[in-house]
Amino acid sequence: MSELDQNQLEAEEDTQKGKFLTFALGSEVYGIEIKYVTEIIGMQTITEVPDLPEYVKGIINLRGKIIPVLDVRLRFKKTAREYNDRTCIIVVDIKEVAVGLIVDTVAEVLNIPEQDIVLPPQVSNHDYQRYISAIGKVGQDVKLILDCNKLLNDEEAERLEIVR
Amino acid sequence: MVSEYSQVSGPGLFVFETNQLLDKLELLILGSEKNGGLQASMDEVFRIMHTIKGSAAMMAFQNISLVAHSVEDVFYFLRENRQTTVDDSKLTDLVLSVVDFIKGEIAKLETGKSLTGDASGLTNAIQAFLAEIKTLDPVLAGLPLKSDYEVMRQSFIEACRIEGEEGQTICEAVVFFDDDCGMENLRALTVLSELGTYAQKLEYAPGDIVENDATADLIRYEGFRIWFTTTASMTALHDFFAQVMFLKEYSLMAIDHSDASKPRIPRCIDLDGPLVTASESAGQPADATGDSEQSLAAKQSFISVNVAKMDTLMDLVGELVIAEAMVTQNPELQDLNLDKFFKAARQLRKITGELQDVVMSIRMVPLAATFHKMTRIVRDMARNLDKQVELEIVGEQTEVDKNIIENIADPLMHLIRNAVDHGIEPVDVRAAKGKPLTGKVRLEAKNSGGDVWIIVQDDGGGLNREKILQKARERGLLDQDDSGLTDKQVYAFILKPGFSTKECVTEYSGRGVGMDVVAKNIAAIGGAISVDSAEGVGTTMSIRIPLTLAIIDGMTVKVGDSVYTVPTIAIKESFRLREQNLITDPDNREMIMIRGQCYPVLRLHERFKIKTAVADLYEGIMLMVELEGKSACLLVDALLGQQQVVVKALPGYIKKMQGIAGCTLLGDGSVSLILDVDGLIQT
């Protein structure tokens, strides 16, 4: 019995490995390692919290749990876009911190083999480049793989805090 | 899933039950010490010790069972001889040391160690005490113990003579059982029930063989006495007694009526004793009811529940409320005429609402139990340090979240210890200063502005500003210029690590590890501690616990699209502004004059940068809030309603900000921010 469990666990870990949940912001497609993702929910009523950086939209009630939601568009300094039916909140759990990420659309779960993942180019004038940990090649397309830790732990905000 | 929710295990249950009993016992003993004498609570103490003995014996914890047994003996004796004068304080000490011993053993049990405590010293002390009171007893010293039986016998015979019928004989039998048969009281009971076929009237001593296992010992040494009236022949009775199980010996004799009439006069004298006892014991229950009313709160019955289950339940109810709203307010139902459906829906809403209220209140626990533990600490310390200290407890019914209770007990103990050890002066010093000899430590809890305050106040020596400053300089905590420091700033130094102004280290405190740990622990639950003192008058430590997870009454208000909750306790009034009340000063600050008082205006939408259609002071509603003497008028769009809300902390990812105390879930599942009135007024 326990052996079976063990096998299942291993199998689960195996199936999670190399899998990425992809979502789109405008024309670009991003990927998050699937192990971070808890669930995907539709748009919710967001309670605004004053005095927060613009990209933190506020807090939502996820079955009794209060979690903050970030607008990934604003986080990457893209222009804001009206939320619609396709707007989703990806709930990620990073080091025990649950956070909702607002994205334009959720695409699919992709399997990207290790050999197709490369480091991002060092030269880039994109502001959000530092949130990208790697680039995955899938056929002709390129998926930008996010570094979730950097997405949350925001040196920028901390710097602002000090200035204030 | 099932196994996760069931957690019953033998020692676990024993530990839990015994701890509860011990806590109760401690309270009882300390309470009766205060009210002068253990008399009233004697039965209760006896019962508790008896239960502990029984369950310990069942779990084969011999040392606990033995020591409990010896205490039980003492109280059995006292209960039977109520007029006995006992050294109450000595007895209290003995019982408390037993409580400590058992608690220590149980703590070992909890951590999985084996029980090694040796109770023989304690048991001997108790037995010596029992022997002592037995000899001290004026009644018992003069009369043999059997006098009780004599009295019973006489009264029985007398009663039988009045009611007795012709042809009945009154018999007296004394039965002894085999030395090692055990459970003599139950054997005696068997005899009684079998004798029932012969006897018409029956009386026996000791009387409470069913309820009281300690009678077994008495029967072992003194025999079991039965008086009965019977029509059966003596031979038949002899046959009956001869076949009693485990019988060692017996005596049986018929009592002559005339025999009973002889000692009439001495009996009258004898009766004086029991008469007094009767009136006393009649008086005692009356006293006891007064006491029991006081301790009613402690006597409520409780069950303990895993907190994780509570959390799950609370979340589930939250979801239920949302689901209910989604069903009953479903847009697809609009414009439909569904009388019966809406009637049923209203019923559902009522029930879910009540369910939510109950679940919210379950997590709240009064501080009483934590506070009462301090009584013991103060008492023990006062004795050891040879001081006279009285602990006054105020507002123990204040409810706080279970988590907070668990985290507040240790810091509170430190503060109380400090107050008694450092604060209260020895009796001679107090006398010299002209203070009342008995020092007072006041432990108070109250709700204020949505926070819970716990205040420890003593009327002792207070803090010495110069001493603290000097120490702070020694430790390099001070810059050169320290003249500008306020008293509060100076006193705050005692919360720093390694800071003790007491020169000598005592058993209780003085190592300077206390206060910084206290401050740290309180900060860990999001609270704050402040120190205030006046030299020679006393010290006050105030702990403010934030309302995280506490339930508050809140007024929900609308600003733009946002809904905020204002703690009702902070709201003084709400009103619509009239033109003549508004004042604007040259700096364009708005103020409102009401009943001769001037209040600043705070536009919430500006403060929180919210877009709203109601920017005009005359259109919206003004909410006057007040906290600790400071007031302001908040401009909101509209008042939505008032309800009890559970305060939740904001997610850690969002940094704490001024003006927001936390958030809460509204009935429809949306999140509302709770305003921190204190923070709002200050900005």
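Colleague: What are the ipTM and pTM of the model, and what is the mean pLDDT of chain B?
Modeller: The model is predicted, and its scores are ipTM 0.76 and pTM 0.48. In chain B, 77% of the residues reach a pLDDT of 70 or more. The mean pLDDT of chain B is 74.

Colleague: Over which residues of chain B is the pLDDT below 50, with five contacts beyond near neighbours in sequence?
Modeller: Two stretches of chain B may be considered here. Residues 140–147 have a pLDDT below 50, but that stretch has four contacts beyond near neighbours in sequence. The stretch with a pLDDT below 50 and five such contacts is residues 503–507.

Colleague: How many helices and strands does chain B have, and what percentage of its residues count as buried?
Modeller: The secondary structure of chain B comprises 24 helices and 22 strands. Among its contacts between residues at least 6 apart in sequence, 71% join residues at least 24 apart. Chain B has 683 residues, and the share that counts as buried is 31%.

Colleague: Which element gives the largest share of the side of chain A that touches chain B?
Modeller: The contact draws 19 residues from chain A and 20 residues from chain B. On the side of chain A, the elements that give two or more residues are β4 (56–62), β5 (65–71) and β7 (97–103) of chain A. The largest share, four residues, belongs to β4(A).

Colleague: How do the residues on the side of chain A that touches chain B divide into nonpolar, polar and charged?
Modeller: Chain A gives 19 residues to the contact. These divide into twelve nonpolar, four polar and three charged.

Colleague: Which strands stand at the edges of the five-stranded open sheet of chain B, and why?
Modeller: The strand order in this sheet is β6-β8-β9-β11-β10 (chain B), with mixed pairing. A strand with a single partner has one side left without a neighbour in the sheet, so the edges are β6 (389–394) and β10 (528–534) of chain B.

Colleague: Which helix lies across β6, β8, β9 and β11 of chain B?
Modeller: Helix α17 (residues 368–385) of chain B packs on the sheet and touches β6 and β8 of chain B, its direction making about 170° with that of β6(B). The helix across β6, β8, β9 (451–458) and β11 (538–545) of chain B runs at about 20° to β9(B), and is α18 (residues 402–423) of chain B.

Colleague: In the six-stranded open sheet of chain B, which residue of β18(B) is the bridge partner of B:E573?
Modeller: The order of this mixed sheet is β14-β18-β19-β17-β16-β15 (chain B), and its edge strands are β14 (571–575) and β15 (582–584) of chain B. Neighbouring strands of the sheet are turned by 30° against each other on average, direction ignored. β14(B) pairs with β18 (residues 621–627) of chain B in the antiparallel sense over four bridges. Within β18(B), the bridge partner of B:E573 is B:M624.

Colleague: What length does helix α5 of chain B reach from its first C-alpha to its last, and which residue with positive phi follows the helix?
Modeller: Helix α5 (residues 88–110) of chain B has 23 residues and reaches 32 Å, close to the 33 Å expected at 1.5 Å a residue. Its buried residues include B:L91, B:V95, B:F101 and B:E105. After α5(B), with a positive phi near 85°, comes B:G112.

Colleague: Is A:K77 buried or exposed?
Modeller: A:K77 lies in the loop between α2 (72–75) and β6 (88–94) of chain A, and its phi is positive, near 60°, although the residue is other than glycine. The cut-off for exposure is 12 or fewer C-beta neighbours. Because A:K77 has 11 such neighbours inside 10 Å, it counts as exposed.

Colleague: Is B:N588 buried or exposed?
Modeller: B:N588 is placed in the loop between β15 and β16 (590–594) of chain B. This residue is not a glycine, yet its phi is positive, about 70°. Because 6 other C-beta atoms lie within 10 Å, B:N588 is exposed.

Definitions and conventions: Residues numbered from 1 in each chain as written. Chains lettered and ligands numbered in written order. Predicted model: local features only at pLDDT ≥ 70, side-chain atom pairs only at ≥ 80, totals over all residues. Contact = placed C-beta atoms within 7 Å. Nonpolar A, V, L, I, M, F, W, Y, C, P; charged D, E, K, R; others polar. Pairing = 2+ DSSP bridges. Axes fitted to C-alpha atoms, helices over the stretch in contact; angles between N-to-C directions. Buried ≥ 20, exposed ≤ 12 C-beta atoms within 10 Å, placed from the backbone. Expected span 1.5 Å × (residues − 1). pLDDT = per-residue confidence, 0-100.
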